Amino acid sequence: FFFFKQKTAYEMQRGLVGSEMCIRDSCNFVIHAASPLPAESPKDESIIIKPAVEGTIAILSACYKHKEVKGVVMTSSISAIINPFIAEKKIFSEEDFAESEGNSAYNRSKILAEKAAWAFITHIGKTKKFSFAVINPGFILGPTLVGGNTTS
């Protein structure tokens with residue numbers, strides 16, 4: 001997660017998600033960056049899915065509580081909205097999701113985290129204090145911001 005105030009970025013430290021400390025220095029905009037893609041699928045899918053969903057809700061909750069956040073952009077994945085094995089020619093919206101059953105743990109984490117985000121935004125409804133957008137890239141290239149055995 002990155003928090004911006006006057007063109008200065010702050011990288012959130014691990015362990016602060018959802019706490020009041022995670023949004024600091026009167027930030028106005030939050031980027032929920034892509035979650036790690038493990039090099040191998042774990043035996044227990046919840047190792048990927050639970051942090052993706054809970055982390056997304058935690059950061060949105062913190063943004064909702066923080067009076068100065070004006071906008072949130074969530075980086076999801078194209079795998080959250082389309083099935084790669086079915087050719088579709090259409091314009092996708094926040095109402096389109098791939099089927100989570102039969103998908104990889106990573107794809108399921110993206111599907112379920114994005115669904116949870118939109119459910120949160122719907123739940124807060126007219127009391128929403130910030131704009132919300134999701135980007136669904138098909139490919140992201142660049143160095144990882146965290147160490148570990150990941151393909152991100």
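A polar contact is a pair of N or O atoms within 3.5 Å; within protein, one must be able to donate a hydrogen and the other to accept it, and residues adjacent in sequence count only if both atoms are side-chain atoms. This is a predicted model, in which local features need pLDDT of at least 70, side-chain atom pairs count only at pLDDT 80 or more, and totals for chains, interfaces and linings use all residues. Residues are numbered from 1 along each chain as its sequence is written, and side-chain values use heavy atoms, with hydrogens and water left out.

Let's start with Asn28, in the loop between β2 (8-11) and β3 (29-32); helices (H or I, at least four residues) and strands (E, at least two) are DSSP runs, numbered from the N terminus. Its side chain reaches the backbone oxygen of Glu68 at 3.2 Å. Asn28 counts as buried because its relative accessibility is 17%, where buried means under 20% relative accessible area (1.4 Å probe, protein chains only).

Now to the largest nonpolar core, which has 18 residues; Val72, Phe130 and Phe132 touch the most other members. Such a core is a set of buried Ala, Val, Leu, Ile, Met, Phe, Trp, Tyr and Cys residues joined through side-chain atoms within 4.5 Å.

The largest share, six residues, comes from α2. Because 15 of its 20 residues are buried, α2 is largely enclosed by the rest of the structure. Gly125, with a positive phi near 45°, follows α2.

Key:
Buried < 20%, exposed > 50% of the residue type's maximum accessible area, 1.4 Å probe, protein only.
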